[in-house]
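Subject: Structure handover

Hello,

Here is the structure I promised to pass on. Please open it before reading further; my notes follow below.

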Amino acid sequence: MRQWGFIITKNTALRALTDCQFSEYSFEAMYRKSIKTRGRFESCLSLILVSLVFGMFAITDYHLLGLSREYYLLITMRTVVVSLCLFLAFIIGRWGSYSRQAWLHALPLWILATGIILIVPLRPDSLFTQVTAVVVATIAFYLLIPTLLTVAMFASLYLSIGFLVAAVLFAEIGPVVTLRIALLLIMTNVVGFCALLRLEVLQRKQFALLHEERNQNRLLLKEIAHRKSLEAQLRMVAERDALTGLDNRSHFMKRAEALLQRSRLEKVPFSLFMIDVDHFKSINDTWGHTHGDWVLTKIAAACAQSLRPTDVIGRFGGEEFIVALPNTGPEDAQIVAERLKKRVAELPLKEGMSELCLSVTIGIALAHPEEADLESLITRADQTLYVGKRDGRNRVVMYRSSC
Ligand SMILES: Nc1nc2c(ncn2[C@@H]2O[C@H](COP(=O)(O)OP(=O)(O)OP(=O)(O)O)[C@@H](O)[C@H]2O)c(=O)[nH]1
């Protein structure tokens, strides 16, 4: 097989074109599918056009032959050819696709070629007009009617050879004239073949490049999605506590700071809890660190679920949690803290931990009306927590200046 091979790009489109088609069948099928609708429409339209032109030549038949037997034969032949071509144009327009029905695209060309050849015995005197018609028809086969290169080539060769044979047999031309017509038809076929070959190669090259570009875009989108997910993971690592999934200390500080400033501007109350698990060391010592970790995650989840979406909770360190509650005055803060304490006490525990009485101590500090310093608020909540621990643990303590 002859190779019209060339390399387009390095990746997917790196395919050789064999006989002006992609050597990979699936890629060729994809290309043909992409031009299916346009190909059908153009084939249908050009076949209608070519058949009508072929039919119109009945006028010259009349001028040349009058109402003779040959004229009626020609009219009949033209009618048959035009009808068949129009019928096939309709079929191609509805169902014709290059990929599966190449023969369907070849058929009208062979019918037209037969029609043109049959004119010679019926109108041998007008041979030179017919030579021009054969040249034009050959070019039309290659360039006007969209079809595969091989289909156009075989139909054109059939037309040229058939016409030449008919001319020798019925127009009784001499060897010199035969040679001149043969050379003219060879030239026409070569020009038509090369032009269609170039067109097909260019179209496939364009398709391959487009395909490659689409692939690159798809890869790019995949890469963007991958990077976004990496970014989200990085953000997670930077902002979250690995054990409990709550905000880590530094991220909590950022968010709480913003909430405090906003509460100050809006002149609404702002509360802060410091929550510490009681006797956590003995939990670790009795059941081990794995159980201790499990208890911490359960407490974290229970606290997070008991808060409003506007509240912010973080792990402050070790077995200590911190909560910022915007728009929360002393009474509400007390209620929320008591609720948290109760939920922790009611947490279902692992098998073998039944004797554990889980409890937390919560220290509450309220921001002063103009307070902008989160650190001093945390210090006050911490001092209050210490008072709660000192007074026996498992309690909620509100900051008083006497603490
Ligand atoms: N399992 C586990 N233990 C932790 C973690 N972080 C800190 N701890 C332990 O928590 C314990 C805290 O002990 P302490 O500070 O003495 O406090 P406590 O035992 O809870 O006593 P009180 O707070 O006074 O009630 C220490 O033994 C730490 O090692 C953690 O992420 N996982």
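Predicted model: local features only at pLDDT ≥ 70, side-chain atom pairs only at ≥ 80, totals over all residues.

**Around the ligand**

Start at the ligand. Its shell takes its largest share, four residues, from α11. In total, 16 residues surround the ligand. The closest are F280, K281, H289, G292 and G318. By type, the shell divides into seven charged, five polar and four nonpolar residues.

**The sheet**

Next, the sheet. Five strands form an open sheet, and the pairing is mixed. The order is β4-β5-β3-β6-β7. β4 and β7 (396–398) are the edge strands, each pairing on one side only. From one strand to the next, the twist averages 20°. Helix α11 packs on this sheet and touches β3, β4, β5 and β6 (360–366). The direction of α11 makes about 155° with that of β4.

β4 covers residues 312–317, and five of its six residues are buried, so the strand is largely enclosed by the rest of the structure. β4 runs antiparallel to β5 (residues 320–326), and five bridges join the two. R315 stands opposite F321 in β5. G317 stands opposite E320 in β5. The hairpin of β4 and β5 has two residues between the strands. There, G318 takes a positive phi near 45°. G318 is also one of the closest residues to the ligand.

**The cores**

Now the interior. In soluble globular proteins, nonpolar side chains tend to be buried together. Here the largest nonpolar core has 44 residues. Those with the most contacts inside this core are F273, I275, V323, I364 and A381. Strand β3 (residues 270–277) gives the most to the core, with six residues.

What is A381 in contact with, leaving aside its neighbours within four places in sequence? The list is L272, F273, M274, G363, I364, A365 and Y399.

Best wishes

Methods: Residues numbered from 1 in each chain as written. Core = buried A, V, L, I, M, F, W, Y, C linked by C-beta atoms within 7 Å. Buried ≥ 20, exposed ≤ 12 C-beta atoms within 10 Å, placed from the backbone. Contact = placed C-beta atoms within 7 Å. Near = placed C-beta within 6 Å. Nonpolar A, V, L, I, M, F, W, Y, C, P; charged D, E, K, R; others polar. Pairing = 2+ DSSP bridges. Axes fitted to C-alpha atoms, helices over the stretch in contact; angles between N-to-C directions.
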